[in-house]
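Good morning, and thank you for making time for this presentation. I shall take the structure on the screen part by part and ask a few questions along the way.

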Amino acid sequence: MNIEDCLADFQIPQHLHYMDSAATSLIPEPVIVSMNEYDRQYRANVGRGMHRLTRVATQKYQDAHDTVSDFIGGMEGTTVFTRNTTEAINMVAAGLDWQPGDRVVTTIMEHHSNLLPWLRLRQKGVEVNILHPDSGGSFDIDTFDQAITADTKLVAISHVSNVLGTVQPVREIAAICKERGAYLLVDGAQSVPHFHVNVQDLGCDFLCFSGHKMLGPTGTGVLWMKDEVISPFMAGGGTVDDVDIEDVTSEGYTLTEGYKRYEAGTPHISGAIGLAQTVKYLESLGMDTIFRHEEKLTERLLKGLAGIDNVTIYGPQDTKNRIGVVSFNIDRIHPHEVAYLLDERAAILVRSGDHCCIPLVKYLGLENGTVRASLYLYNTLEEVDLLIGTIEEIARMM
Amino acid sequence: MYITVPCIKYDNGSMVPSSHEVVMEVPLAVFVNGRHALTAMVSPAMLEEFVTGFLYTERIIRKLEDIESLRIEEQKDKNRDETDTDTLSASVLTKNPFSIIFSSKTVLSGCGGDTSYVDAEKLPKIQSDLVTEVSTIKSVMKETLVSDLHTRTGGIHIVGLFGPDGKICVIEDIGRHNALDKVIGYGLKHGVDLSRTIVTCSGRLSSEMARKCLMANIPVIASRGATTTLAINMAEKAGLTIIGFVRSQKMNIYTGAERVRNQE
């Protein structure tokens with residue numbers, strides 16, 4: 001399938017110019033169909049029965065794990081389905097055996113979901129070291145080399161910033177982590193949807209990402225882990241091989257192996273099936289094709305915005321080491337007002353504000369945050385031109 | 001594929017504690033679109049090939065791509081003794097899982113225990129212009145029957161698949177029907193044009209063996225052993241070549257002799 005052909009699978013772009021994919025992407029028709037098919041034709045719980053529907057649903061659910069795992073090159077590890085990236089990161093924060101004096105290294109670039117779970121560990125005596133980038137949102141690898149010490153238990157970093165679009169040098173950081181014996185957690189919420197991500201190439205121990213940012217259903221996310229080193233966040237149905245209430249010397253139950261031990265209770269079954277269909281959809285287009293398409297759009301957008309007086313772009317000024325998440329401001333206009341005007345004047349939907357990155361926007365001195373246009377495979381050059389033209393009008397108006 | 005077990009050997013009037021290699025047999029429960037399709041007693045190897053070949057020769061699938069998902073899993077039983085036989089299951093989802101209603105049946109491995117649900121009156125005819133040589137039949141049979149497992153256990157059937165370039169695969173199983181399904185499954189998974197192949201077998205060529213060849217459009221089946229009247233009847237109607245008792249200098253061509261040339 002060509003990337004232009006995929007537009008037929010989305011209804012919203014027929015009416016509106018959706019450029020808020022870093023928050024939540026649109027969802028294509030084949031994914032909706034796959035989810036509806038489950039609810040209409042074989043809706044049943046998974047792993048808990050002998051009848052034909054539960055068998056079909058269970059197999060589809062298991063296959064979904066394999067499909068997603070294979071997509072990120074993660075067949076050697078464990079792929080757990082979660083509600084979103086936030087839940088995945090919290091599972092790691094809650095599941096590792098923390099001791100007072102352990103260190104976590106992270107950055108001020110992080111989304112709150114990859115910051116607050118670590119800050120919370122301070123209550124357990126864990127030291128959290130927060131690194132600061134240059135004004136473009138990039139890091140010198142030496143910064144990590146100095147910060148990751150022998151007592152660093154974990155390094156948590158976003159693969160791509162959800163504010164500035166900057167791609168971080170994860171491979172290099174992974175090499176340092178390996179040398180110092182620290183776990184590396186990568187927040188892939190903004191990378192996995194937009195370019196080919198392979199956990200073996202990255203060398204990470206945990207990769208967390210969301211289904212709803214990659215054309216998948218809301219309420220779906222993934223925690224991939226190299227080894228099952230964390231304790232399950234929750235215990236309950238579907239997580240055990242045996243329960244012995246007479247055994248008072250232990251917890252009284254034996255956890256099963258693999259992803260099941262981390263997915264207590266009835267999961268989001270249609271979501272999992274939809275997520276697998278999403279992966280197949282992305283693969284049918286090709287992640288490299290998607291990346292090149294977005295690169296073309298981003299290049300046009302950056303060039304167009306740079307030529308408008310009173311507009312400031314944040315993050316890398318060209319397409320090197322960045323994706324199509326573009327933050328900017330118009331002088332003397334509140335980002336929320338710009339977002340409102342874009343919607344009312346041209347039906348362009350963007351995000352504005354702090355983007356769940358209050359420490360970063362404070363660090364950049366942006367009291368009101370930014371306007372953020374985030375592009376995806378269903379956006380077109382014509383839409384980007386419309387955005388540039390409308391921003392120019394708004395900037396001129398002020 | 002085999003386990004060494006203790007036994008008492010009687011030899012020339014005396015009984016001696018000893019041991020012997022015994023071939024493994026495991027039940028494989030196959031579920032298609034959530035429904036139990038069969039339980040086959042098989043040798044625990046190449047199970048994906050077996051299931052694929054079985055579904056193909058039963059016309060549950062028409063091509064490999066009709067299988068959306070195939071999972072082989074070992075059943076966990078916490079009360080199971082270490083020496084107990086594993087219970088295996090194969091779960092298959094087809095591309096359109098709700099278009100198929102599949103009758104339950106049990107396939108018993110071995111002699112004449114199983115029947116297909118495919119209507120015998122509607123079997124396909126062989127579509128192939130393959131012509132082979134007597135010398136080829138002799139050499140592929142010789143190549144088929146080299147089996148370390150058979151030598152050790154004496155309890156195994158061997159089925160081979162040969163193409164224009166020689167051996168494609170030789171597969172051993174406790175049941176020759178299973179082995180033939182595995183061979184056909186192997187061929188499908190490797191994109192083999194089965195209309196250009198010869199199947200060889202260590203055991204009797206029953207009507208079920210002939211039927212599987214018809215379903216897979218394999219034009220020639222040869223064996224070291226005998227055949228049956230029903231197999232010959234079926235082969236005559238459908239244009240299948242059946243060759244039995246292939247030995248060093250002999251063989252009986254029962255049907256489809258026009259496909260076998262003698263240039264020796």
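Let me begin with a definition: a salt bridge here is a side-chain nitrogen of Lys or Arg within 4 Å of a carboxyl oxygen of Asp or Glu. Please also keep in mind that what you see is a predicted model.

With that cut-off, Arg71(B) and Glu73(B) form a salt bridge, because their closest N and O atoms are 3.6 Å apart. Arg71(B) is buried, at a relative accessible area of 17%, whereas Glu73(B) is partly exposed, at 30%. Elsewhere in chain B, salt bridges with shared partners join Glu58(B), Asp181(B), Glu208(B), Arg211(B) and Lys212(B) into one network.

Residue pairs in polar contact between chain B and chain A, with both residues at pLDDT 80 or more, number 8.

Which elements give two or more residues to the side of chain B that touches chain A? They are strand E5 (67-74) and strand E6 (88-94) of chain B. E5(B) gives the most, with 5 residues. By residue class, that side of chain B divides into 5 nonpolar, 4 polar and 6 charged.

I turn now to the extent of the contact. The size of an interface is often given as the accessible area lost when the parts come together. Chain B and chain A bury about 1,300 Å² between them, and 49% of that area is on carbon and sulfur atoms. In chain B, the residues that lose the most area to chain A are Arg71(B), Leu93(B) and Phe98(B), which together account for 40% of what that side buries. The contact draws 15 residues from chain B and 15 residues from chain A.

Next, the fold of chain B itself. Chain B has 6 helices and 14 strands, and buried residues make up 49% of its 264 residues. Among its contacts between residues at least 6 apart in sequence, 53% join residues at least 24 apart.

Why is helix H5 of chain B described as largely enclosed by the rest of the structure? The reason is that 10 of the 10 residues of this helix, residues 207-216, are buried. After H5(B) comes Asn217(B), whose phi is positive, near 60 degrees.

A further residue of chain B deserves a moment. Asp173(B) is found in strand E9, residues 166-173. Is Asp173(B) buried or exposed? At 0% relative accessibility, Asp173(B) counts as buried. Its side chain reaches the backbone nitrogen of Ser43(B) at 3.3 Å. Leaving aside neighbours within four places in sequence, the contacts of Asp173(B) include Val42(B), Ile156(B), His157(B) and Lys182(B).

The structure holds 11 aromatic pairs over all chains. In one of these pairs, Tyr376(A) and Tyr378(A) have ring centres 5.6 Å apart and planes at 70 degrees, so the pair is edge-to-face. Tyr376(A) is buried at 0% relative accessible area, and Tyr378(A) is buried at 1%. Phe10(A), Tyr281(A), Tyr376(A) and Tyr378(A) form one aromatic cluster.

Finally, I return to charge pairs. Over all chains, the structure has 24 salt bridges. One is formed by Arg351(A) and Asp20(A), whose closest N and O atoms are 3.2 Å apart. Arg351(A) lies in strand E14 and Asp20(A) in the loop between strand E1 and helix H1 of chain A, so this pair ties together parts that are 331 residues apart in sequence. Arg351(A) is partly exposed, at 38%, while Asp20(A) is buried, at 7%.

Another salt bridge joins Glu127(A) to Arg103(A), at 3.6 Å from N to O. Glu127(A) is in strand E4 and Arg103(A) in strand E3 of chain A, 24 residues apart. Here Glu127(A) is partly exposed, at 43%, and Arg103(A) is buried, at 8%.

Conventions
Residues numbered from 1 in each chain as written. Chains lettered and ligands numbered in written order. Heavy atoms only, no water. Contact = heavy atoms within 4.5 Å. Buried area = accessible area lost by both parts, 1.4 Å probe. Polar contact = N/O pair within 3.5 Å; in protein donor to acceptor, adjacent residues only side chain to side chain. Helix = DSSP H or I, 4+ residues; strand = E, 2+ residues; numbered from the N terminus. Nonpolar A, V, L, I, M, F, W, Y, C, P; charged D, E, K, R; others polar. Phe/Tyr/Trp six-rings, centres within 6.5 Å; stacked < 30°, edge-to-face > 60°. Buried < 20%, exposed > 50% of the residue type's maximum accessible area, 1.4 Å probe, protein only.
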